[in-house]
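Reader: I have a structure to look through and I'm quite new to this. Could you take me through it slowly?
Author: Gladly; have it open beside you, and ask whatever comes to mind.

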Amino acid sequence: MEHSIYRYVIRHSLRAQVVLTLLAIASFPFLYAFYELPKQIVNRVIQGDTGDFPAVVLDVSFTQFEYLFILCGGFLLLVVANQAFKYVINVLAGRTGERMLRRLRYDLYARVLRFPLPHFRKLSQGEIITMITAEVEPLGGFIGDAFKLPVFQGGYLLVILAFLLVQNWVMAAAAVALYPLQFYVVPKLQRRVNSFAKERVRLVRRLSDRIGETVSGVQEIRGNDTSAYERAAMSAALGEIYTVRLRIFIWKFVIKFLNNSINHLGPFCFYSIGGYFVIQGRLEIGTLMAAIAAHKDLAAPWKELLNYYQRREDARIKYEQVVTQFSPPGMLDESLQLGPPPPGARVHGELAASGLALRDDTGTVFLEGVSLGIPADAPVAVVGAPGSGREELALVLARLTSPTSGALVISGERSDRLHEGVTGRRLAFVGPHAFLFNATVRDNLLYGLKHEPGPDARPDPRWVAEAAVAGNSTDDVNGDWIDHEALGGDPLGRMIEVLAMVELDGDVFDLGLRGTVDARGDLRDRLLRARRAFRERLADPAIAALVESFDADRYNDNATVGENLLFGTPVGEGFDTERLAENPWVMEVLEAEGLVPVLLEAGRTVAATMIELFSGLPPGHTAFERFSFIEADDLPEYQAVLDRAAQDGLEALAAEDRGRLLSLPFLLQPARHRLGVVDDDLRARLLAARRRFAARLPESLRDRIQFFEADRYNAAASIQDNILFGKVAYGQARAAERVKGLVTEVIDELDLRSAVVEAGLDYPVGIGGGRLGAVQRQKLGLARAVVKRPDVLVLSDATAGLDGGTHGRIADRLFREFSGRGLIWSLHRADLARPFDRVVVMRSARVAESGTFEELDRDGTALRELLEAG
Amino acid sequence: MSLNEEVEVLRRVPLFARIDPAKLKLLAFTSERLVFPAGSELFHQGDAGDAAYILLDGEADILVDTPEGEIVVAKAGRHEFVGEIAILIDVPRTATVRARSELSTLVVTKETFLGMASEFPDVAIEIMRELAQRLADTTAQLTAARAAAAAG
């Protein structure tokens, strides 16, 4: 990447810059005319001798008035022409700037993708994010102005100066007498501001790094009660930034003060020197007026130029700082990542390491003199104590880390010359903590197959052209990126097979049960048939005790009061169960049924019970989150509401207080909460309210709720809830588990399993896979590596978080799946290496020994030592 | 059964006899009530334990696996507490508990139980008293058994 912003600008936007500069130059004659014409109007027409008229121009004669209006018309045209020039130039400059900003961000991002992995230990996520987003933002604006602004504003300045000089050189010279001083002093002051600006950039970057760390380490902070320390650190960081920013402001305003004062010397000169000349009769009043007007306009370009100078320095510093950070040594060569890989390249034969060494910049040795050949068609285990170089060797073999010296030859090609299309497709790597992207299970599972856009991608040609101009990728991100050849003919079947291999199929099935599917046609019919089949099972009283089915004419004690009232699943916002009391339609129904006083009374009972139960607990106690209807912070508020109610009665409460109390009973689940609030009378009245709610639901709210109807599929509810069509009964031992078993039976009977798995595959895993458990994430990471059918799979402690039994079963299946292919497994326990064809034992960054397990398993070997250490 | 009735039942559990009813109400509210059909197991010997059960109604057998098969070592009935050892110390269930009749229980999770013990010293002292009592009983039984063995 170019190390100077000017070189970067010239290389990527030379044409646009030339066009802008030419346009700026072309505008100057119009500008000069714009100042010249008023002088003519005043001096020659308004103040002109009547004897001069009719004037003759190009053989046409004009009266004084005609001449006045023609010149004024010309003036108007010049105004339009000048503004048009400004408009065109600004739009073009803006577009150039935005394109360059897009290119710059893209270039920086593309470099992040090629960073050597150790660089991420030095450059934090927060720093990278601020640099690409906030820090380079002003560069876009500057780049648009890089050449045209000095030319345009400088030219503007010269034109006006020329005009003034032509009018009266003494006056003009006096007006700009102090400009050279400004030109000398301002940059000096500016340099001071710049050094502060540099400091500010550094501090803000550290601040975002700090915030990023807080987010990632929030468990440690809360778990160690170090929030006070973190707050102090934040305060210190913000304080430093404040000081620097304040200094910047002070100096900026000093500069402004100087500039403005000097600029106002102009009018002083005009009034004094110009006035002197006019009184003496050596200068016409029109000329003086035109000069004053011109000088007023002189201030604007002069300010722009000084401002430009400030911005230029700022941009130069920012660009250089950013580019330095984004140019670490040892970056992957661009040609190895861009463009298609050599066709048909495979990894076969052997991975041959000779004299591999790996050290970090502090000199710590991770690998030293590692020479060995690893077959790409048999399972090989790498074992060793922590810190023996075992993990690093796996990373080097997967070409994720480059050795400091020595060479790794993969299928006859040096690894540092291999295209990423070979290493990233024919090799697969899974470390101890597989990272998941914030997408669905399916997207994550197939992530390893997204190498290039499918042939049927049809991006909008205009979008493609614009992306190309900015040097961005023109591939359509919404196309089908999946490598179907690698996935195989039966994608769903293959996905299920691989999920079963890592024992994640059951989890995905469960996710599917909890997931929703917009079922239509045959699928919908089958799901409804499953609902009927499930209902038939309820004939058995032992099963009937587990579920309370939905019945439009019966109150459901296992559902909340809110659910009983809605008798449907809310779609989107509005009928959110937590905020039903805020919904106007709900309130209207309750008013009409006369339920408001009853529910207020219920709310009072709930609030009083919550206060009684929970006010003795310290805030932040887990019981609040799990059991209380009222958050710890709100308890005093509710106490106050109850006090007011006790004094003046419930009816006298303000609307806000009533809303607070009313919101509580909706969450009650009579079977579970046993507060004795929901009696038979209330049940009957809530049923009446349920009927009114549905029968008179305004048209505009119809799409906000899907009612529970026995013979209609509910697309807003989960698959399990659709089949269950009721609530799992509270208080029955293992009810949820047994109900799930029954639902699963019905699903298998009706051959719906794959539909449920499909729904599970569409489950969003959350940020960093946070909605899945750690073991599930790891299994999904393994499945992702298997599904792309690599020639060699490199695993590094990939099953360390799993229990021994699971590891054994998964390992067996991987051995079968990878028979004839390579499987390099860096293991956390030496005894797990037994079934491998070959075992490599690492000790103190070197290969201690290598051979079959039987050969090495004897007294005095490094392997035996590891086995005995357990 | 309403919350207040549950509190009444809890007060009859020896472990909770001396505890403030307000605290028992919190315990009742935050604990799940589970019904076990006759013949079903609350937990099995050797399982990992994460909850204790207060028997609100019904009877249960306490069984131990022996080389000769399962034998009933004790019975538990209304107002008794079972399964508390596994939540006090991390050991697998030391016995199996099976419902003799339909059994209504209050499930006290490890978290709730330990939380109460650490927040309300009364509860902790009561637990100590109860456990000390049991230890004394067991010691007495053991002494009696040894004496009987020596005599026999």
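Author: Before we begin, a helix here is a DSSP run of H or I with at least four residues, and helices are numbered from the N terminus. Please also keep in mind that this is a predicted model.
Reader: What kinds of residues line the largest cavity?
Author: Six are nonpolar, one is polar and one is charged, and among the lining residues you will find Val441(A), Asp507(A), Gln776(A) and Leu780(A).
Reader: Changing topic, is Lys39(A) buried or exposed?
Author: Lys39(A) counts as buried because its relative accessibility is 15%, and buried means under 20%. Lys39(A) sits in helix H1 (residues 5-46) of chain A, and, leaving aside neighbours within four places in sequence, Lys39(A) is in contact with Arg44(A), Gln167(A), Thr287(A) and Ala290(A).
Reader: How many residues are in the largest nonpolar core?
Author: There are 83, and Leu814(A) and Phe534(A) are among those that touch the most other members. Apart from that core lies another, of 78 residues, including Leu599(A) and Ile705(A) as well as Leu10(B) and Leu26(B).

Note on methods. Residues numbered from 1 in each chain as written. Chains lettered and ligands numbered in written order. Predicted model: local features only at pLDDT ≥ 70, side-chain atom pairs only at ≥ 80, totals over all residues. Heavy atoms only, no water. Helix = DSSP H or I, 4+ residues; strand = E, 2+ residues; numbered from the N terminus. Buried < 20%, exposed > 50% of the residue type's maximum accessible area, 1.4 Å probe, protein only. Contact = heavy atoms within 4.5 Å. Core = buried A, V, L, I, M, F, W, Y, C linked by side-chain atoms within 4.5 Å. 1 Å grid on protein atoms, 1.4 Å probe; cavity = no way out; pocket = protein on both sides within 12 Å on 5 of 7 lines; lining within 4 Å. Nonpolar A, V, L, I, M, F, W, Y, C, P; charged D, E, K, R; others polar.
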